[in-house]
Amino acid sequence: PMSRRVETARFPKVAFNTYSGIYQAPAKPAQVAWMANQNLFKFAWFIEGDVYFSGDWLEFVHMHANDSRDLLVPELNQNERGFPDNWPHWKTCDVATVENHSRAFIPVHRISKKLATTIFQHLVSGGHGHHECLMPGLCQQPECAMGLIAAELLGVVRFRPSLSPNDCRGRRNDTHGKFYHPVKTQEQEKIANHIAYVKSKNL
């Protein structure tokens, strides 16, 4: 099982603090560490705990089974105007430049062992960056390919504000099943906001 203690010991401090994101949770660093150091799977899907899918996850996975790209995400932006002032985490990413920068929203995503290994090696060697920019940023190479999850599977997918569980009830009438993010109760939302505030003060 992943733990903050294990992951902070595995990665340099700046690598862990930037890649883990605003909640400073071990999930994102643990993901690439696990994927890079296993030999069973060429690809793996990762799903955040506040994602709701109104259909069959097996159908979701099968719809992308023949896609060989290294990174599949619901939202991908490349070389946006306004860099670096349009997003506060660009400054953490050591591979983002004015000429070449990418940002992905990844509450649900599929990553290849090849890309996970590249990210893991970059982080343990002292590289750094928020996962939403470093993950696609290290895939901007000819030997790495990235793209979007099937558009018909996207319901409401955003950073904030949260959707309540009631917002997603009855969604099983969606034709293909769609996924929604973030889905939180009011109490979960309060806890998440408090954690983010505390972590930001301790960076």
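Here are some notes on this predicted model, point by point.

1. **Ground rules.** This is a predicted model, so local features need pLDDT of at least 70, side-chain atom pairs count only at pLDDT 80 or more, and totals for chains, interfaces and linings use all residues. Residues are numbered from 1 along each chain as its sequence is written, and side-chain values use heavy atoms, with hydrogens and water left out.

2. **The largest pocket.** Start with the open space: the largest pocket holds about 1000 Å³. The volume is the space filled by probe spheres set on the points, which are joined across faces, edges and corners. Rolling a probe the size of a water molecule over the atoms shows where empty space is left.

3. **Who builds the lining.** Helix H3 (27-36), strand E1 (43-47), strand E4 (75-78), strand E5 (102-105), helix H6 (131-137) and helix H8 (186-202) each supply at least two residues to the lining of the largest pocket. H8 gives the most, with four residues. Helices (H or I, at least four residues) and strands (E, at least two) are DSSP runs, numbered from the N terminus. Sorted by class, the lining has 19 nonpolar, 13 polar and ten charged residues. For that count, Ala, Val, Leu, Ile, Met, Phe, Trp, Tyr, Cys and Pro are nonpolar, Asp, Glu, Lys and Arg are charged, and the others, Gly among them, are polar.

4. Lys28 is in helix H3 and Glu48 in the loop between E1 and strand E2 (52-53), so the pair ties together parts 20 residues apart in sequence. The rule is a side-chain nitrogen of Lys or Arg within 4 Å of a carboxyl oxygen of Asp or Glu, and it gives six salt bridges. Are these two partners buried or partly exposed? Lys28 is buried, at 11% relative accessible area, while Glu48 is partly exposed at 24%. Buried means under 20%, exposed over 50%, and partly exposed in between (1.4 Å probe, protein chains only).

5. Asp70 and Lys114 pair up through their side chains at 3.6 Å, N to O. This pair links distant parts of the chain, 44 residues apart: Asp70 is in the loop between helix H4 (57-62) and strand E3 (71-73), and Lys114 is in helix H5 (residues 113-124). Asp70 is buried at 7% relative accessibility, but Lys114 is partly exposed at 44%. Then there's Glu80 with Arg103, at 2.8 Å, N to O. Glu80 lies in the loop between E4 and E5 and Arg103 in strand E5, so parts 23 residues apart in sequence are tied together. Glu80 is buried at 18%, and Arg103 is buried at 16%.

6. **The E4 to E5 loop.** Asn79 lies between E4 and E5 and has a positive phi of about 50° although it is not a glycine. Asn79 is partly exposed, at 40% relative accessible area. Pro84 is in the loop between E4 and E5 as well, and a cis peptide bond joins Phe83 to Pro84, with omega about 0°.

7. Another cis peptide bond joins Arg160 and Pro161, with omega about 0°. Pro161 is in the loop between strand E8 (154-157) and helix H7 (165-168). Gln24, in the loop between helix H2 (13-19) and H3, has a positive phi near 55° and is not a glycine. Gln24 is buried, at 6% relative accessibility.

Technical notes. On a 1 Å grid over the protein atoms alone, a cavity is a set of points where a 1.4 Å probe fits but cannot get out, and a pocket is an open set with protein on both sides within 12 Å along at least five of seven lines; lining residues have an atom within 4 Å of a point.
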